[in-house]
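Work through the exercises below with the sequence and the model in view, and try each task before reading its solution.

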Amino acid sequence: MHHFEYRNGEMHAEAVPLKRIAKEVGTPAYVYSLATLRRHYQVFDSAFAQVRHIVCFSVKANSNLALLRFFAKEGSGFDIVSGGEVFRALKVGGDPKKIVFSGVGKKKEEIEYALNAGILMFNVESEPELVALNEIASGVGKKAPISLRINPDVDPQTHPYISTGMKKAKFGVDIQRSIETYKRAAALKNIDVVGVDCHIGSQLTSVSPFVDALAKVREYLDRVLVGELKKEGAQIRYLDLGGGLGINYHDETPPLPDEYARAIIRGLEGLDITLILEPGRVIVGNAGILLIEVQFVKETEAKKFVIVDGGMNDLIRPALYGSYQAIQPVVETRAEKIVADVVGPICESGDFFAKDREINRPKRGDLLAVMSAGAYGFTMASNYNSHPKPPEVLVDGDRYYVVRKRESFDDLINGEVIPPALQ
Ligand code: LLP
């Protein structure tokens, strides 16, 4: 459910006409709906109401400060993967005791920063990382709270680029070795093993891979908590099941948060543990659109192209994953249907939002909404071809706020220097 709907034939974000935003802010522009965010967050959080849990919003999906501030105010924690994301989470008043730090390549400075901030835990992805973390923690006179990220070797049945829990992926510790790794971790002086973690992929559209992964992690947990390792003083208090719940882009039918929660809660029976969840897409994906303007309709003998002012630099998902994004006219139309590629201005043939899409024939100046662009949209944007990044707009009822202004040409060259010899 989201709040981008037609009223009198014109698409609105909540009570604000998208046409008004296009006129006042320009295009391309990201537009988010606060009511949608609130609803998604609350539905997700309340699905887990019967168990002790922390929702840690996955900052990589959308890291705009206004949105993060909203999550912090709702009581959300944050799943972060870099020093920059720690910085953002702290900036919005996020509670460090609800921050979890994942990622296979954490750098020393990032680790020190997070240690000094006092985050809840590091999700450790390898033995070399464990050793480094111990050393770095000792250097700053602290104990690093960690959970081991287990790679359970489960196929999440999603795009290979966003599938993370199979044996060949770079993520997590092989489940076969996990007990040994656990023993190693438990023996390190500046490491405190407080949890276990698992994230198998993104845009999952059925519960079964989650259930299978949880069952495997549970085998490990049962050995550590009640089995042969109990005497080694396991202090495991957190079970982090990552993110990954999919959304409807086109014709997918992902489970609703309730169904997902019920399946997970069933798998937790008998465990006295705090559950951590790291949702990203399911909260923000359908809470945002990319508003674009048609520049030209170009027809060749072979094809028709709708050329718009946004491109792969603004929203890379179709180019990178071949993913489907629905595209709707901002003003409803009865114009004839054509089959066309919707493409951007970037000098690459991979620069498209849609291929062979049936669409009402638009004309120059028409506005289109690329739907489901709230997750991994702006956060993956670049300045390729020296396009300034688009603004981000947050709608709240009948008001809107520019929560990140459009970049200028000066922003494009910020930090670049011509050396004296070339002046
Ligand atoms: N936790 C960890 C450790 C992750 O790696 C991710 C996403 C999440 C949580 C959040 O997953 P979500 O709930 O959003 O599925 N750029 C890609 C998605 C990359 C996902 C990376 N990891 C896309 O646009 O589809």
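**Exercise 1.** How far is a nitrogen atom of the ligand from an N or O atom in the side chain of Asp79?

*Solution.* This is a predicted model, in which local features need pLDDT of at least 70 and side-chain atom pairs count only at pLDDT 80 or more, while totals for chains, interfaces and linings use all residues. Residues are numbered from 1 along each chain as its sequence is written, and side-chain values use heavy atoms, with hydrogens and water left out. For Asp79 the distance is 3.2 Å, to be read against the limit for a polar contact, a pair of N or O atoms within 3.5 Å. The side chain of Glu278 has an N or O atom 2.5 Å from a nitrogen atom of the ligand, and for Tyr376 a side-chain N or O atom is 2.6 Å from an oxygen atom of the ligand. The ligand taken alone exposes 600 Å², of which the protein buries 92% (accessible areas by the Shrake-Rupley method with a 1.4 Å probe).

**Exercise 2.** Describe the shell of residues around the ligand.

*Solution.* The ligand is surrounded by 19 residues, each with a heavy atom within 4 Å of it, and the closest are Ser202, Glu278, Arg317, Tyr321 and Tyr376. Sorted by class, this shell holds five nonpolar, eight polar and six charged residues. At least three residues of the shell come from each of domain 1 (4–31 + 285–412) and domain 2 (103–277), with bounds from an automatic or database domain assignment.

**Exercise 3.** Where does the ligand sit, and what lines that site?

*Solution.* The ligand sits in the largest pocket, as more than half of its atoms lie within 2 Å of the grid points. A pocket is an open set of points on a 1 Å grid over the protein atoms alone, with protein on both sides within 12 Å along at least five of seven lines, and lining residues have an atom within 4 Å of a point. The largest pocket holds about 650 Å³ of space and is lined by 32 residues, with Lys60, Thr164, Phe171, His199 and Tyr376 nearest its centre. Because domain 1 and domain 2 both give residues to this lining, the largest pocket lies between them.

Conventions: Polar contact = N/O pair within 3.5 Å; in protein donor to acceptor, adjacent residues only side chain to side chain. 1 Å grid on protein atoms, 1.4 Å probe; cavity = no way out; pocket = protein on both sides within 12 Å on 5 of 7 lines; lining within 4 Å. Nonpolar A, V, L, I, M, F, W, Y, C, P; charged D, E, K, R; others polar. Points joined across faces, edges and corners; volume = space filled by probe spheres on them.
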